[in-house]
Amino acid sequence: DDNNDNSNDSTAAAAANANSGYDRVSPIASNQYGSVDIGESTTEQTNDTNPSQRQREVLCQYEQQRRTHVVSGRGITVAMVSTALGFACCENLVYVFLYTEPQISNQIATLIARSLFPVHPLAAAIQSIGVCRRDLEGDKSMGLGKILAPAIILHGWFDFVLMSLKENSDANDPDTTTNRSDDYNPFGENNDERFDNSQKTDELNAQAEAMFAVINSCVTVVLGIAYYFWFASKQRSRLAELDQQSVLNTS
């Protein structure tokens, strides 16, 4: 008889724990999981469903509700921007330690200058708009070329201006173009004065080129950011409409 009593007590305790498990799940599911209906009381549940299985079902339904078009679009953008940040980090290390003079001040200046203009993450964010339009909105006309074209134009123009200014600066380098030989001077200037004037002109040209490079880089990045937020806001509205349609179709 004592053994039977102990067995009955353990069975009652297990049933109480099961009921308490339902009580813990019900308020969370009703508040967090929205339209997921798991019943108001434990007495309405069937006996062939154990608590752990029911909890898994609730979580699965919650996950399905959470995977909306808007959330998936954000995930695509974050993944592509994160990849671009990794590539930009590796490229910046190459420029700092290989293409810059081995002086700490020059290396820090190069790192700061390249960090102020996040062209690669911006290009990846712009590309994510096309990827979301193709994969989430179902626009089959968005091929690889249309997805890459805006980012290629942005990055190409940014690099084209900087490389053109560098080539022009190297072509006008006073160390290679100035000749201080005693050649004929019809204006009566000596060679030292001509060299000083030429050096001042080269310095002014270098300052103007540097200023133009900074302005062009800032304008390019600002236009890219404006382009992304303009089209991303429109796409977010379209994805929200798709989510509403999905809810209506499932209800």
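# Notebook: helix packing around α3

I began with the crossing of α3 and α5, and it is right-handed. The model I am reading is a predicted one.

**Entry 1: α3 against α5**

I looked up the geometry of this pair next. The two helices pack at about 150°, and their axes lie 8 Å apart. Angles over 145 degrees count as roughly antiparallel. I therefore logged α3 and α5 as roughly antiparallel to each other.

Then I listed who meets whom. On the α3 side I noted Gly73, Ile76, Thr77, Met80, Val81, Ala84, Leu85, Phe87, Ala88 and Glu91. On the α5 side I found His120, Pro121, Ala124, Ala125, Gln127, Ser128, Val131 and Cys132. I sorted this contact by class and got 12 nonpolar, 5 polar and 1 charged residues.

**Entry 2: Ser128**

I picked one residue from that contact. Ser128 sits in helix α5, which spans residues 119-135. Is Ser128 buried or exposed? Its relative accessibility is 0%, so I put it down as buried.

The side chain of Ser128 reaches the backbone oxygen of Ala125 at 2.5 Å. I then left out residues up to four places away in sequence and looked for what Ser128 still touches. The list reads Ile76, Thr77, Met80 and Tyr228. I had already met Ile76, Thr77 and Met80 on the α3 side of the contact with α5.

**Entry 3: α3 against α4**

I turned to the other partner of α3. Helix α3 runs over residues 69-97, and helix α4 over residues 104-115. I read an angle of about 150° for this pair, with the axes 9 Å apart. So α3 and α4 are roughly antiparallel to each other. Their crossing is right-handed.

Which residues of α3 meet α4? I found Glu91, Asn92, Tyr95, Val96 and Phe97. Facing them in α4 are Gln107, Thr110, Leu111 and Arg114. By class I count 4 nonpolar, 3 polar and 2 charged residues in this contact.

**Entry 4: Thr220**

My last stop was in helix α8, residues 191-250, where Thr220 is placed. I looked up its accessibility. Buried means under 20% relative accessible area. Thr220 has 6%, so it counts as buried.

What does Thr220 touch, not counting residues up to four places away in sequence? I noted Leu154, Trp157 and Phe158.

Notes. Residues are numbered from 1 along each chain as its sequence is written. This is a predicted model: local features need pLDDT of at least 70, side-chain atom pairs count only at pLDDT 80 or more; totals for chains, interfaces and linings use all residues. Side-chain values use heavy atoms; hydrogens and water are left out. Axes are lines fitted to C-alpha atoms, for helices over the stretch in contact, and angles run from 0 to 180 degrees between N-to-C directions. Helices (H or I, at least four residues) and strands (E, at least two) are DSSP runs, numbered from the N terminus. Angles under 35 degrees count as roughly parallel, over 145 as roughly antiparallel, 65 to 115 as roughly perpendicular and the rest as oblique. A crossing is left-handed if the near helix is turned anticlockwise from the far one by less than a right angle, and right-handed if clockwise. Contact means heavy atoms within 4.5 Å. Ala, Val, Leu, Ile, Met, Phe, Trp, Tyr, Cys and Pro count as nonpolar, Asp, Glu, Lys and Arg as charged, and the others, Gly among them, as polar. Buried means under 20% relative accessible area, exposed over 50%, partly exposed in between (1.4 Å probe, protein chains only). A polar contact is a pair of N or O atoms within 3.5 Å; within protein, one must be able to donate a hydrogen and the other to accept it, and residues adjacent in sequence count only if both atoms are side-chain atoms.
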